[in-house]
Amino acid sequence: MRILKKNSIATQLSLWFLLVALLPLALVTYMTYRSSENSLTKEVMNSLIAIGQRQSNQIEAYLRERERSVTILAHSTAMGDAMEKLERVFYTKGPNAVARPDVEREFGPFAAYYQEASGYEALYLIPLDGDIAFSTKGGRIFGINLRRGPYRDSELTRVFERSLMSMATELSDFAYFEPAAEPAAFVATPLFRGGFLVGIVAVEINNEEVYRLVNDYTGLGRTGEMVVASKVGDKAVFLTPIRHDPDAAFRRTVPIGAKWAADVQEAVQGKKGSGTLTDYRGKEVLAIWRYLPYLRWGMVVKIDTEEAFAPIARLKILSSIIGMLTLLLVVLAAVFVARSFSYPIVRLTEMT
Amino acid sequence: GAAANQQLIPAVKWCFDHLGRKFFLIGSDYVFPRTANAIIKDHLAALKGEVLGEEYILLGSTEVKRVVGKIAQTRPDVILNTINGDTNVSFFKELRAAGITPKEIPTMSFSIAEDELRTLGAAEMAGDYASWNYFQSIPGDTNTAFVKSFKRKYGQQRVTDDPMEAAYFGVHLWAQAVRDVGSVDVSAVRQAIKNQSFNAPEGIVYIDAENQHTWKTVRIGKIMPDGQFAIVWTSDKPVRPVPYPIFRLRSEWQTFLHDLYRGWGEKWANPGRR
C-alpha cells in the first residue's frame, strides 16, 4: 500500500512534469518545422519564378530581336529594288531566265552576308503571288509556289499569309521543315517599293539558340529542368530535348485532362500558375508555369520536391534526434524531481 | 480594344481579296474613324486599291442622306463603316431605302456587333460583315461556358459580343496581376499585368510587356439572319499588337493625332458648328 502511494505521487508528478515540459517543446518544434518548410517552399518558388522570368525574357528578347532585324532589313531600298528586278525577270522570262543570275549576282552577296551575320539559316524574297523568287538556299526551294506547291501547309506559307493580312512582322511556330530537314521557324515582314506592297521578305531560323536557352539549368540543381510544349489537338507536345528525357522533342506528349503534368497542360492553355504536383515522370515536383505567346509555347520550370525539400528532410532528422534526447533528459529529470518531492511527503505520512 | 493590325488591317485585306478593290469610307467624326481611315487609306494605297469617297457624320447625328447619296452615286465594291452608335440605325435605314443591299454593295463594319444587331435588325443587315476578335458563335468549351453563364445571369434573349468579352477577360487579367503583387496599387498592377495570360472565350490572350496591348485572335464574320455571325476568316494564332501601323513612322502617327486634337479645339471629336 505504501509502495503504491509512493509510486502514485511520484508517477503523477513525473507525468505532470513531462506534460508541462514536453507539450510546449513539441508545439515549438512542430511550428518551427512548419515555418521552415513554408519559408523554404516560398524561397524555392521565388527562385523558380526568377529563373522562369529570366529564361522567358531571354527567349522573348531573342525572338523580338529577330523580328526587329528583319523589319529593318525590309526598309532598305536594296530589298525593294531586288524584289522588283527579280519579280520582273521571274514573271516575264520565267524562273530559269538567263537574266536572273545577273540580279542574283547583284543582290546575292548582300543577302548572304546579312543571313550569315544575323545567324539565319536562309533568306527568302516572295512576291505577292507566293512564288519564292529568291532564296539564299539556292535552287532547292527557288521557284516553288507557297500556295500551290509542296510546302503549302508549312509554317513558311502560314507566316507569309499572316504577314500579308496583318501588314506587320510575324513569327511562325517551330515545326519540321522538309528542305531544312529539321524544325525551323520563320520571320516574315511586308516589303514595299515606292509605297506599294511588293511582297514579303522572310528569314528562316533554326532552333539551336532556343534549345540552348531551354537547356540552361543554371540555378536548377540536380533535378531541375525547363519544359516547353505546345498544344496540338488535345495533347501537349514537348518541343525540345529535356534534362530527364533527351528524346522528348516532338515525341513526348501529355493528354489534356490527364491527372499528371497539370503544369504542362495549364501552360499550353494560356494559364499561369505555381504549385506542387506530379510531373510527366510521375515524380512530385515544385513547379511554376506560364505562356509564351511568340511561339504559342507553354513553359514550365520545375525541380523535384525530394531535392528542393532536402534541407527540410535534414531538419526533420535533426529535430527527431534532438526531440528524443530532450525526451530522455526530461524523463530522467522529471523522475528525479518527482521522487525528491514525493519522498519527504511519503516519509512524513509514514511517521504520522 | 484591338490594335489596327488586329482588326482594321486584316479586314481591309480580306475585303480587297474577296469583295473588290473600290472602297467607300464612312465614319463618325471623332478620333477613331479619322485615324482608322488614315490607316485604311495608307493600306489601300499600298495594295493599289481605290478610295471612291470618304465621309464623316457628326457623333450622334442622323443626317445621313447626303452621304448615302454619294455612295449610291459612286457605286463602290465595298463600304468600310466606322460609324459609332445610333447613327448606324439611320445610316443603314437610308442605305436600304436607296436600294443598296449587302448583295450589291456589302458593308464591313468595325463598331457593329451582336448586341447592335438587336437594334438594327439582323434581317436587314444579313450579308454584311464585321471584323472583331470575338463572336458569340466561336466554337469551343470555353466560349460555350461563357455564353451559358452570361445568359443565365442576364437573360436568354441577351447576346454576348466583343466589347463584353474584352471587359470580361480584362477583369480576369487585372485580378491575376493583383493576386501576384498582393495590392491594388495602380503602378504595381501596371507592372504586374505585363506578361499575364488568360484562356478567354476568344482564345488565349496575353498582355504584351512592351506596349501593354493584348495579343488577340482576329476574326471576320458575316451577319446571319438570326443575328449571329458566320466566321469567314480567322487568324491561325493570336496576333501581336502593333499600335503604330507600318505605313508611317510612330512620330508621324503622333503628329497626325496631335493635329486632329488641335483642329477640334483640343477635343477628340469634331464639336460641329458652334
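In this predicted model, chain A and chain B are linked by seven salt bridges. One of them joins B:Glu210 to A:Arg64, with the closest N and O atoms 3.0 Å apart. Between chain A and chain B there are also 13 residue pairs in polar contact, both residues being at pLDDT 80 or more.

On the side of chain A that touches chain B, the elements giving two or more residues are helix H1 (2–74), helix H4 (155–166), strand S3 (170–171), strand S5 (182–193), strand S6 (196–206) and strand S11 (284–292) of chain A. The residues of that side comprise 13 nonpolar, nine polar and twelve charged ones.

The size of an interface is often expressed as the accessible area lost when the parts come together. Here chain A and chain B bury about 2,700 Å² between them, and 56% of this lies on carbon and sulfur atoms. Within chain A, the residues that lose the most area to chain B are A:Met165, A:Met167 and A:Lys272, which together supply 24% of what that side buries.

The contact draws on both chains as follows.

| Chain | Residues in the contact |
|---|---|
| Chain A | 34 residues |
| Chain B | 30 residues |

Chain A itself contains eight helices and twelve strands. Its C-alpha trace spans about 130 × 35 × 30 Å along the principal axes. The radius of gyration of chain A is 35 Å, whereas a compact globule of 352 residues would have one near 20 Å. Of the 352 residues of chain A, 47% count as buried.

Note on methods: Residues are numbered from 1 along each chain as its sequence is written. Chains are lettered from A and ligands numbered from 1 in the order in which they are written. This is a predicted model: local features need pLDDT of at least 70, side-chain atom pairs count only at pLDDT 80 or more; totals for chains, interfaces and linings use all residues. Side-chain values use heavy atoms; hydrogens and water are left out. Contact means heavy atoms within 4.5 Å. Buried area is the accessible area (1.4 Å probe) that two parts lose on being put together, summed over both. A salt bridge is a side-chain nitrogen of Lys or Arg within 4 Å of a carboxyl oxygen of Asp or Glu. A polar contact is a pair of N or O atoms within 3.5 Å; within protein, one must be able to donate a hydrogen and the other to accept it, and residues adjacent in sequence count only if both atoms are side-chain atoms. Helices (H or I, at least four residues) and strands (E, at least two) are DSSP runs, numbered from the N terminus. Ala, Val, Leu, Ile, Met, Phe, Trp, Tyr, Cys and Pro count as nonpolar, Asp, Glu, Lys and Arg as charged, and the others, Gly among them, as polar. The radius of gyration is taken over C-alpha atoms; the globule rule is 2.2 Å times the number of residues to the power 0.38. Buried means under 20% relative accessible area, exposed over 50%, partly exposed in between (1.4 Å probe, protein chains only).
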